[in-house]
There are 2 protein chains.
Amino acid sequence: MSKTRHPEPLPIDNVPHWDIETDVAIVGFGGAGACAAIEAAEAGAAVALFELSSTAGGSTALAGGEFYLGGNGGTPVQRSCGFDDSTEAMRNYLTRCAGEQADNAKIDAYCEGAIAHFNWLVAHGIPFKNTFYPHRHVLPFSDDCLIYSGSETAWPFSEIAKPCPRGHAVQAEGDAGGALIMKILSDQVQQLGVRHEYEARALTLITDKETNIRGLVVRIDQQERYVRARKGVILCAGGFAMNDAMVTKYAPLLHSGTAPMGNPGDTGSGIQMGMAVGGAAINMHEGHVAFPFYPPASLTYGILVNAQAQRFINEDCYQGRIGYYCLEQRSNRIYMLANMEDCGDLSQCYLNADVAASAETLPELEADLEMIDGTLVAAVEFYNRHAARGEDPLFHKARKWLKPIEPPYVALDCTPGRGAYIPYFTLGGLDTLVTGEVLTPAGEVIPGLFAAGRTACGVPRRGSGYASGISIGDATFSGRMAGRRAALKDS
Amino acid sequence: MSKTRHPEPLPIDNVPHWDIETDVAIVGFGGAGACAAIEAAEAGAAVALFELSSTAGGSTALAGGEFYLGGNGGTPVQRSCGFDDSTEAMRNYLTRCAGEQADNAKIDAYCEGAIAHFNWLVAHGIPFKNTFYPHRHVLPFSDDCLIYSGSETAWPFSEIAKPCPRGHAVQAEGDAGGALIMKILSDQVQQLGVRHEYEARALTLITDKETNIRGLVVRIDQQERYVRARKGVILCAGGFAMNDAMVTKYAPLLHSGTAPMGNPGDTGSGIQMGMAVGGAAINMHEGHVAFPFYPPASLTYGILVNAQAQRFINEDCYQGRIGYYCLEQRSNRIYMLANMEDCGDLSQCYLNADVAASAETLPELEADLEMIDGTLVAAVEFYNRHAARGEDPLFHKARKWLKPIEPPYVALDCTPGRGAYIPYFTLGGLDTLVTGEVLTPAGEVIPGLFAAGRTACGVPRRGSGYASGISIGDATFSGRMAGRRAALKDS
């Protein structure tokens, strides 16, 4: 029987000496860690940052580079593009997105602080252009900024909160935004004189007799270094998408997706370090499931059906909401059925779904797909009849996306596991206060321990309510909150 | 900031004295705790059992009283009723039930040990009658024993494993079986001279410097008693259905059910005690969702539809599988549509669903239910056309349950939250080995700590794969394994 627990916390009495002494120690140099470091350093704390890989970036650097922001009358970008966003609308929207899992305190803090966060980002050098990109896209192709990045205009959200675009893409061409964000933030970290170590693997936390967190053990250059953190340790080590055993154990639904999304360090090590000192990991079954079928936006004119030829969602939702529903279908086939012209140039579609069949008539298509006799024909005829009147009585797709699907027909095979690109990352993590303080299962604070970004369970809580920019928005915001709170702590 | 963590483990150095010294301390006197106590005592260990309430029983005593058992050529009951059950069929069935979440080691041990477990139960006084109750029912009304208690005969399970009835109801009239089981087991515990304390609240575990578990603190008669457990502590304190905050945080889908099922002590306290010493809680989002629409079995001739008039499951599945699918529908209406005569005496149906509408024609019914024009009519016509041929191309309901639904029609409102009785309990808990040893998130054993029953995450892992008798089967089996292993441990 093993006598060791990994990552078993190290009692402070067993620390042979301190190699590094600082006020705030941060694990992970992605979006959350960088913002935590900047806030803590600006508040006057000595900060040391430890990053597993050879460079700053984390998963933020791999992302398109959007922040989900708004409310308070609108960010400068929203206002200059003619959008008047209210905090209440933003709160109502995000609360519905999170459903039963909503952390109201976090949603409130995020919505109320979103403009200040935008201004902070700008003050720290993140560029945003005052332009609106009106097309249905996961990211602007151009260096434009504002985009509808969630399901704001789609049912049922459109009935709950006045729609407003809140995706703020950083000013960069294409999908290089995340890398630009991290370049800027890591420059700021360095300018502030924050000590940062690369290729530094955080091993475990150091606790005292009262189980306060007093530091951590880091392996650098093959040696264990003992880091004293007078004010606290902030875990910003990402989620656990790259840890296959953890995904199987905690988030089995995600496994039907095709690939984890993120950087190789998203192994859940930060969550495990927190759990090993009694931190609660919550919402571990949830994740963002991408289903990037637009562009071309014109595929939104199509319909998604399962093996029973049943539609299951309004296709004008955000692609991630649709992805989550696709996994939930438990169906052995999912097809996107569209007019051939509306499929556009499929080689440009990120989804990369195979063409399962194409046909001039619906009975032909149905037969080619080996669907149950009459089901697909009836489903499309029903859809078309109502679409011609601008109606979608079943799922309320918005009128602008409604028109009868005309031949020639194409069916794309969107079945998870059959070729389409449906990647995922995790949304579960350590339970924290708005301040980033980590909680036990009973809701008590673990003194000296903080978490932010996807190591924590933050504002985004459900794949069915995900929006582009909400994870980076939350990661940078929660990183700041944790950095600020840690810096204030009595050491 | 709080300096205490609840239930913060107590360092052994802070134990003022030992009030009780034993080899094995067990928390919770339900099915798991009783079996753990019997095995440990029979192996020669001194055992002390602590129960929060004033009597033995736990949630097992509240259950109908079935054990899911089979394989190995069949239990004596199966064989005498003419069923030849194979271990492979049982394993294949349970593996599919658990899906991605399957713990293969646990399923193997359970299937291979099921006959021995049956014999052990009989040897300890549990009576089973050698009779088969062939009707579709959650429990026999009579004192009969054997029943199809899961989805063995339903698609897709019927294609994966040769169906065999494995629900073994204890010989008792009606639903008093669970109480009888616990009466017998608790008599055994007492005959073995096991010390047992009622109204004894386990507060926290006692750990040494190596974080081995050395005992626990129990509150009895308003006083904290320090219990030394030389060989180990076994947590058998049930699941967390009664802890609303935990259900919201960990298993939000279950919340759409109408009521938690179990005894008031199912507050997750055992899981929390385990987590507080570094135990991993896994599969926390899952639960059993009951949807007791039979008897009358004749409702199985009906169809379940959502607000879009889409069927979503073969109605001949086990009621719990159907309940889970109902919650997953995210639909604002779910109806059971059936012929009036097939509804039988609805006042006898446990589901207690309101009649939403009754009508002589389908268009009338559709209109009364305010369903989308044409949808329900088309769905029923499609179903009836195929049912007349003995076919269910959409969901493969077995031929014996297929016949066209004739007027007069009745629609029962089965929408979660609108009156129907859809209770739930939790299936997540501490990660354990087959021996009951509790694991950390990294998969290391916590020496001296065991868990069984719903405090652990056992064989039943998914609501969609639940079967009556699998939780009590697993609880009693896992209790025995933990009791045996703890008794063997070096003290």
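**Figure 1. Overall fold of chain A.** In this predicted model, the secondary structure of chain A consists of 12 helices and 21 strands. The radius of gyration of chain A is 24 Å, close to the 23 Å that the globule rule gives for 491 residues, so chain A is as compact as a globular protein of that length. Buried residues make up 61% of the 491 residues of chain A. Among the contacts in chain A with a separation of 6 or more, 76% join residues 24 or more positions apart.

**Figure 2. An open sheet in chain A.** This sheet of chain A has 3 strands in the order β11-β18-β13, and their pairing is mixed. The edges are formed by β11 (259-260) and β13 (287-289) of chain A; each has a single partner strand, so one side of each is left without a neighbour in the sheet. Strands of a sheet pair through backbone hydrogen bonds, in either a parallel or an antiparallel manner. For β11(A) and β18 (residues 423-426) of chain A, the pairing is parallel and covers 2 bridges. Within this pairing, A:Ala259 has A:Pro423 in β18(A) as its bridge partner.

**Figure 3. Symmetry of the two chains.** Two copies of a chain are related by a rotation about an axis together with a shift along that axis. Here, chain B is superposed on chain A by a rotation of 180° with 0.0 Å of shift along the axis, and the RMSD is 0.0 Å. The two copies are therefore related as by a two-fold rotation axis. In chain B, the C-alpha nearest this axis belongs to B:Gly278, at 3.0 Å from it.

**Figure 4. The interface between chain A and chain B.** Chain B contributes 38 residues to the contact, and chain A contributes 38 residues. On the side of chain B that touches chain A, the elements giving two or more residues are α7 (244-250), α8 (269-276) and β21 (445-451) of chain B. By residue type, this side of chain B comprises 17 nonpolar, 14 polar and 7 charged residues. Of the interface residues of chain B, 100% are also interface residues in chain A, so the copies meet through the same surface.

**Figure 5. Surroundings of B:Lys489.** The residue B:Lys489 lies in the segment after α13 (470-488) of chain B. Is B:Lys489 buried or partly exposed? Because 19 C-beta neighbours lie inside 10 Å, B:Lys489 counts as partly exposed; a buried residue would need 20 or more. Leaving aside residues up to four places away in sequence, B:Lys489 touches B:Lys231 and B:Gly232. Although B:Lys489 and B:Lys231 are 258 residues apart along the chain, their C-alpha atoms are separated by 5.6 Å.

Methods
Residues are numbered from 1 along each chain as its sequence is written. Chains are lettered from A and ligands numbered from 1 in the order in which they are written. This is a predicted model: local features need pLDDT of at least 70, side-chain atom pairs count only at pLDDT 80 or more; totals for chains, interfaces and linings use all residues. Two residues are in contact if their C-beta atoms, placed from the backbone, lie within 7 Å. Helices (H or I, at least four residues) and strands (E, at least two) are DSSP runs, numbered from the N terminus. Ala, Val, Leu, Ile, Met, Phe, Trp, Tyr, Cys and Pro count as nonpolar, Asp, Glu, Lys and Arg as charged, and the others, Gly among them, as polar. A residue is buried if 20 or more other C-beta atoms lie within 10 Å of its own, exposed if 12 or fewer, and partly exposed in between; C-beta atoms are placed from the backbone. Copies are superposed by least squares on the C-alpha atoms of residues with pLDDT of at least 70 in both. The radius of gyration is taken over C-alpha atoms; the globule rule is 2.2 Å times the number of residues to the power 0.38. Two strands pair if DSSP finds at least two bridges between them.
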